[in-house]
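Visitor: I would like to know what stands behind the labels used for this structure. Please take me through them.

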Amino acid sequence: MRVIVQRVSEAQVTIENEIQGAIKHGLLLLVAVKDSDTQADIDYLCRKILHLRIFEDADGKMNQSLLDIEGEILSVSQFTLYAKTRKGNRPSFTDAGAPAYANELYQQLNTQLATSGLKVATGVFGADMQVALVNDGPVTIILDTEVD
């Protein structure tokens, strides 16, 4: 699985001019799934996402986690994170998971993140979505279960 983690002061996802999900201070997650991903990948990502110390403490150091600050999560599926662009100018998405399987793992990730007690807002898998955010820092981190 591949997740782009952005620390935000606010974020929202809109579908057909209606807000689907919105958060204040926390993390925007852009999530992509491959067919080879498993529950172990979800477990790893949940641990990382909840415990990454990327929020400032009283001394201005990035030393607090999402759990520490009781932040919020906005999770948006984004298969284009697996785009291959080496050949030609039209991206190939052959590494992206089959939609039914990818949606299943995406939903499992969101459900597992929600067991933390934090608010987890989401987009709609496969929908045409508009994402608006204020990246705080900016802080943007790439998590990839094949590389990390």
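Guide: Bear in mind that this is a predicted model. We can begin with helix α3, which spans residues 99-114.

Visitor: What makes the buried residues of α3 line one face of the helix?

Guide: The buried residues are Ala 102, Leu 105, Tyr 106, Leu 109, Asn 110 and Leu 113. Seen down the axis of α3, they fall within an arc of 140°, so they line one face. These residues pack against β3, α1, β6 and β7. The face turned away from the buried side carries the exposed residues Ala 100 and Thr 111.

Visitor: Why is Ala 114 called partly exposed?

Guide: Its relative accessible area is 37%. Buried requires under 20% and exposed over 50%, so a value in between is called partly exposed. Ala 114 also belongs to helix α3.

Visitor: Why is the contact of Asp 144 with Arg 2 called a salt bridge?

Guide: The closest N and O atoms of the pair are 2.7 Å apart. The cut-off is within 4 Å, so the pair qualifies. Asp 144 lies in strand β8 and Arg 2 in strand β1, so the bridge ties together parts that are 142 residues apart in sequence.

Visitor: Which of these two counts as buried, and which as partly exposed?

Guide: Asp 144 has 6% relative accessibility and counts as buried, whereas Arg 2, at 21%, counts as partly exposed.

Visitor: How do you know that Asp 136 and Arg 7 form a salt bridge?

Guide: Their closest N and O atoms are 3.4 Å apart, and the limit is 4 Å, so this pair also counts. Arg 7 is buried at 4%, while Asp 136 is partly exposed at 25%.

Conventions:
Residues are numbered from 1 along each chain as its sequence is written. This is a predicted model: local features need pLDDT of at least 70, side-chain atom pairs count only at pLDDT 80 or more; totals for chains, interfaces and linings use all residues. Side-chain values use heavy atoms; hydrogens and water are left out. Helices (H or I, at least four residues) and strands (E, at least two) are DSSP runs, numbered from the N terminus. The expected span of a helix is 1.5 Å times one less than its number of residues. Buried means under 20% relative accessible area, exposed over 50%, partly exposed in between (1.4 Å probe, protein chains only). The arc is that of the directions from the helix axis to the C-beta atoms. Contact means heavy atoms within 4.5 Å. A salt bridge is a side-chain nitrogen of Lys or Arg within 4 Å of a carboxyl oxygen of Asp or Glu.
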